[in-house]
Amino acid sequence: MPREKKYNKEEKLEQAIHLYWESGYHATSIQQLVNSLGINRASIYDAFGSKKGLYMQTLESYANQQTKRMADFLYQYVNVRQGLYALFENEINSSLNEPVKRGCFWINATAEIANSDTEILNQLEGIKSQFEKVFFNYLQYGVNQGQISSFKDVSSLVHYFLSIYSGIKTNSKLNSKATDYLNVVGIGLKALD
């Protein structure tokens, strides 16, 4: 009779996110995954297929969590400029106040592995589209509400704000001051004028 699994797959996926996020894909061994997740190799392969399969599932889970969190955060704000400023301010403060400055898991993955694996690259591009969709929907809401001129190129604004987001998350790993980034955000929001 097959042994029944005695662990929560989503919980193990969350633990794997943190391990991959701290160490990166290449530096994380199967043995580290076994030790960190508290399940044996066979269970990892059974549940996730492979080390790469687990990694790809962690990226998907992270992207779904983060894009939902961002969208929920933004839609608390009827005023789009206030919402974007608050989002960036929140990202700056949370990133700079982390005990271990890890940046963004998706951006870290893009820097580490995008050029070495086509399948993961395709997934990372899909994740980028998820983040872009959050910004696009919110900016389009601003256009529809008359807060942003209908003559603005919303797609270009999406790329612009995602670049600001990526820059903040990447540079927050360095010793930085929140005011430096908030000044960048203030300048960036002028693109909506």
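The questions below concern the overall build, the core and the aromatic rings.

Analyst: This is a predicted model, in which local features need pLDDT of at least 70 and side-chain atom pairs count only at pLDDT 80 or more, while totals for chains, interfaces and linings use all residues. Residues are numbered from 1 along each chain as its sequence is written, and side-chain values use heavy atoms, with hydrogens and water left out.

User: How many helices and how many strands does the chain have?

Analyst: Helices (H or I, at least four residues) and strands (E, at least two) are DSSP runs, numbered from the N terminus. From that end the elements run α-α-α-α-α-α-α-α-α. The count is therefore 9 helices and 0 strands.

User: Which residues touch the most other members of the largest nonpolar core?

Analyst: A nonpolar core is a set of buried Ala, Val, Leu, Ile, Met, Phe, Trp, Tyr and Cys residues joined through side-chain atoms within 4.5 Å. Buried means under 20% relative accessible area, exposed over 50%, and partly exposed in between (1.4 Å probe, protein chains only). The largest such core has 62 residues, and those touching the most other members are Leu84, Phe135, Leu139 and Phe161.

User: Why is the pair of Trp21 and Tyr62 called edge-to-face?

Analyst: Rings of Phe, Tyr and Trp (its six-membered ring) pair if their centres lie within 6.5 Å; planes under 30 degrees apart count as stacked, over 60 as edge-to-face and the rest as tilted. The structure holds 16 aromatic pairs. In this one the centres are 5.2 Å apart, and the pair is edge-to-face because the planes stand at 75 degrees.

User: How many residues apart in sequence are the parts tied together by Tyr62 and Phe105?

Analyst: Tyr62 and Phe105 also form an edge-to-face pair, with 5.4 Å centre to centre and 90 degrees between the planes. Tyr62 lies in helix H4 and Phe105 in helix H6 (residues 105-113), so the pair ties together parts whose separation in sequence is 43 residues.

User: Is Phe105 buried or exposed?

Analyst: The relative accessibility of Phe105 is 1%.

User: Which residue lies over the face of Trp21?

Analyst: A charge sits over a ring if NZ of Lys or CZ of Arg is within 6 Å of the ring centre and within 35 degrees of the ring normal. Trp21 belongs to an aromatic cluster that includes Tyr25, and the charged end of Lys51 sits over the ring of Tyr25, 4.6 Å from its centre. Over the face of Trp21, at 3.7 Å from the ring centre, lies Arg102.
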